[in-house]
Number of protein chains: 2
Amino acid sequence: MLRTHTCGELSKKDIGKEVTLCGWVHRRRDHGELIFIDIRDAYGLTQLIFDPKKDRSMHKKVHELKSEYVIQVKGIVQERPRGTINPKLSTGEIELLAGGLDILNPSLTPPFEVDKKLEISEETKLKYRYIDLRGSGMQRNMRLRHKINSSIRGFLERENFVEIETPFLTRSTPEGARDYLVPSRLNTGKFYALPQSPQLFKQILMVSGFDRYFQIARCFRDEDLRKDRQPEFTQLDVEMSFVDEEDIFGLSENLLKKIFKDVAGIEIPVPFPRLKYSEAMEKFGTDKPDTRGTKHAGENNYSFLWITDFPLFKYNKEEKRWESEHHPFTACKEEDVNLLDGKDLGRIRARSYDLVVNGAEIASGSIRIHKREVQEKIFKTIGLDKKDAARRFGFLLEAFKYGAPPHGGIAFGLDRFVTIFTKSNSIRDVIAFPKTQKAVCPMTNAPSDIDDKQLKELHIKKAK
Amino acid sequence: MLRTHTCGELSKKDIGKEVTLCGWVHRRRDHGELIFIDIRDAYGLTQLIFDPKKDRSMHKKVHELKSEYVIQVKGIVQERPRGTINPKLSTGEIELLAGGLDILNPSLTPPFEVDKKLEISEETKLKYRYIDLRGSGMQRNMRLRHKINSSIRGFLERENFVEIETPFLTRSTPEGARDYLVPSRLNTGKFYALPQSPQLFKQILMVSGFDRYFQIARCFRDEDLRKDRQPEFTQLDVEMSFVDEEDIFGLSENLLKKIFKDVAGIEIPVPFPRLKYSEAMEKFGTDKPDTRGTKHAGENNYSFLWITDFPLFKYNKEEKRWESEHHPFTACKEEDVNLLDGKDLGRIRARSYDLVVNGAEIASGSIRIHKREVQEKIFKTIGLDKKDAARRFGFLLEAFKYGAPPHGGIAFGLDRFVTIFTKSNSIRDVIAFPKTQKAVCPMTNAPSDIDDKQLKELHIKKAK
């Protein structure tokens, strides 16, 4: 290592030690001949003192230093004089009397100051994302996000779940949104689709006997973007065999309890209250009510609520046909099965559920259909004829012929969850390299032009 | 839950209990009127006995049962008669005297028997992947893979690393292979590329001050496939700031020591031996020598070896130009910097390293360039003019202007590592849903035809 300690590590017990720190010039104050510099790294800030009486030649170098220069400093840890102690810093009782300085890399004046960027446009912040990410807010968010993932994995592992990676180059699993497509070079005229979610794969994994699967998985939807949407987003995907709704509720509640405990030290009360879809619509006029302050609220800042008993189908007036409210793999209530043959499809209740916190949906799931005949009937009801169903979902119907267990699951939108958890304004504040509403990355300029040679190899042309 | 216990859980201490199991009919033996069935789930096998004297109507249902039917069975745990104990099974001392049976889902006769599929073609195994995955070998491999990932994450987390997700829809980061491209709907005529690795993002994360980053990341290369290649593969990606080679070696060795300890209970000796590239070529004629049984070997079945001091450039005789041996972001040895201005580029040694085990390269990395001038010079040397360099890597060069720290890292090919670890024949045996050598998934039939409407929205046409 080019350092002996990090910039967040030194304290009174280190007084007298000779140490080496590396980091960025965060702030500089000249007090007469003495120069004070706060050096910053991922772990904190340490105050450096450069005294010209010590070393004239070093002092020339110190005068070159500007914000964001990367430096290596040798020195002796000393106690700060009384009255200069900074109780807000973990290193606030000490300072480093510099004895040696190396400039590891200079820096141009950055387009905005680290940690002071209120009036900066989103576009500029994203173009210079590496400067923005140096700020304490983004550093904290990314580390919290990691901790949340770590807490999730620890919990599910102890509950015997196995994380399995499903493919990104796959067949379209249409779930209402547009697919991102990838032309195949080796298979002329054919295309992969990036998954909108691992939905079909997780069901196939249940048919494969994995019993309890999860994955923190990237998902892709080519939709017109709004504030809370990104072309790619991250989902905690969970699926279990031989379960009913209560098992999913219990697991999800204990998972969230664990995350809040591990990462924020907050005790959230479980079980969460539940409301039927019809009750929620009647009482709140929405299926994502913010129940803080109502009798459905928990005891703290986070008010969780299960919404259950969604309708299985909704009527699409424009296209004059029934479509799935959730997705077409959702089972219906046992009592309502016989309604599937009737006219009154709107009355059929699904075995699906959403988890809402403070008015935002953070998870959604269902008990799935596991019988081929039922799945075929649902496809028919939403207007997929046998040929279409076979073409799009044939492999699932095929798999259901060979011993599919009853199964169900849930998926959490992690970006939104972390946004709520960190009290951030936008999911862009919890994603390292997000895109703009035009689905552009101002830092890399993706998407970009490509060579005709590449297109030719992929057997495609640009349309005029 | 539809069960009270799993099929791998019951033992002598449960004798006399009434329990419910769910699982697949694994094997059936009729002994006169008594019918024995092994029921299987993810956790094990339990022997069921159906006695016609108990319940005639249930017995009719039992006669319907065939391999891979999914059933739910209620019964009383009883001791197996002497002589019928199976010491190979965790449940081998007990059996379940069935008192109730529900067929949860029937099964057609599967195309091959679970756990007996030696003469089955790869194509059939992949088409019916959900049957193949039920076998004990694939179940074990996927669970070991999960354990390895879990051990990696635990270790790196304790070492203060933060896992950060980098984008999949990005700009091409050319590293010698072809990119998979994704046409943009919102940006006519432009394309995203799927990342060949997170290389540039991990360097940008160092510029962003994250200090210690890792990611278990999917990578994409559109190459002609061989036995050990897949269109998408998984990499453990690691990057650190303010480090030199020794830090990467130490970290990697301790990481591997931990994995082998955690997952296999094996102590591997560290540090690993090292060989310079030139020595390896001289002694073994390869830079991936299998050193088992040589003086460079460790003490067990896994013989690790660092290869160091690779040449920075190799001469491409066809194109008559120098190119990067590793990738163009690799730093060169301090002593060789002055050679950059000379003619003898082949003599310049890189600060790069490979980790080889039993003749297979499982990791590769380098100390990176962090100065813009040096990076520009390297681009020029490999024939990228200023405009080209700016077009392809402009954002990295730009980032290097604003205080890039010295940094370096390593990436482990996880598929290959897990293949070696599990002593599997092919990386397809450690990937849940792999593709064939034609980059096709026989289960989903990806890649597939798509509608003209979709192409039109993406502003592309198929080439004739």
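Helix H10 of chain A, residues 414-421, is mostly covered, with six of its eight residues buried. The model is a predicted one. The buried positions of H10(A) are Leu414(A), Asp415(A), Phe417(A), Val418(A), Thr419(A) and Phe421(A). Several elements of chain A contribute to the cover over these residues. Two helices are among them, H4 (136-158) and H6 (245-264). Strands E9 (212-220), E10 (232-241), E16 (360-367) and E17 (407-413) of chain A also take part. After H10(A) comes Lys423(A), with a positive phi near 55 degrees.

Chain B holds a helix H10 as well, again spanning residues 414-421. H10(B) is mostly covered, and six of its eight residues are buried. These are Leu414(B), Asp415(B), Phe417(B), Val418(B), Thr419(B) and Phe421(B). The buried residues of H10(B) pack against helices H4 (136-158) and H6 (245-264) of chain B. They also pack against strands E9 (212-220), E10 (232-241), E16 (360-367) and E17 (407-413) of chain B. Lys423(B) follows H10(B), and its phi is positive, near 55 degrees.

Chain A is divided into two domains. Domain 1 covers residues 12-105, and domain 2 covers residues 134-431. The centres of the two domains of chain A, taken over C-alpha atoms, lie 51 Å apart.

Five strands of chain A close into a barrel. Their order is E1-E2-E3-E5-E4, and the pairing is mixed. From one strand to the next, the twist averages 55 degrees. Helix H1 of chain A, residues 56-64, packs on this sheet. H1(A) touches E1, E2 (34-41), E3 (44-50) and E5 (94-105) of chain A. The direction of H1(A) makes about 75 degrees with that of E5(A). Cys22(A) stands opposite Gln72(A) of E4(A).

Strand E4 of chain A also holds Glu79(A). How exposed is Glu79(A)? Its relative accessibility is 44%, so Glu79(A) counts as partly exposed. Leaving aside residues up to four places away in sequence, Glu79(A) touches Lys12(A), Ile15(A), Glu93(A) and Glu95(A). Leu194(A) lies 115 residues from Glu79(A) along the chain, and 57 Å separate their C-alpha atoms.

In chain B, strand E2 (residues 34-41) has seven of its eight residues buried, so E2(B) is largely enclosed by the rest of the structure. Strand E1 of chain B, residues 18-31, pairs with E2(B) in the antiparallel sense over seven bridges. One bridge partner of this kind is Ile37(B) in E2(B), which pairs with Arg28(B). The two strands E1(B) and E2(B) form a hairpin, with two residues between them. In the turn, Gly32(B) has a positive phi of about 60 degrees. E2(B) also runs antiparallel to strand E3 of chain B, residues 44-50. Seven bridges join E2(B) to E3(B). Here Phe36(B) stands opposite Ile49(B) of E3(B). E2(B) and E3(B) form a hairpin as well, with two residues between them.

The relation between the two chains was examined next.

The contact between the chains takes 121 residues from chain A and 121 residues from chain B. The area buried between chain A and chain B is about 11,100 Å². Carbon and sulfur atoms give 57% of that area. On the side of chain A, Glu165(A), Phe242(A) and Tyr402(A) lose the most area to chain B. Together they make up 8% of what that side buries. Of the interface residues of chain A, 100% are also interface residues in chain B, so the copies meet through the same surface.

Conventions:
Residues numbered from 1 in each chain as written. Chains lettered and ligands numbered in written order. Predicted model: local features only at pLDDT ≥ 70, side-chain atom pairs only at ≥ 80, totals over all residues. Heavy atoms only, no water. Domains from an automatic or database assignment. Contact = heavy atoms within 4.5 Å. Pairing = 2+ DSSP bridges. Helix = DSSP H or I, 4+ residues; strand = E, 2+ residues; numbered from the N terminus. Axes fitted to C-alpha atoms, helices over the stretch in contact; angles between N-to-C directions. Buried < 20%, exposed > 50% of the residue type's maximum accessible area, 1.4 Å probe, protein only. Buried area = accessible area lost by both parts, 1.4 Å probe.
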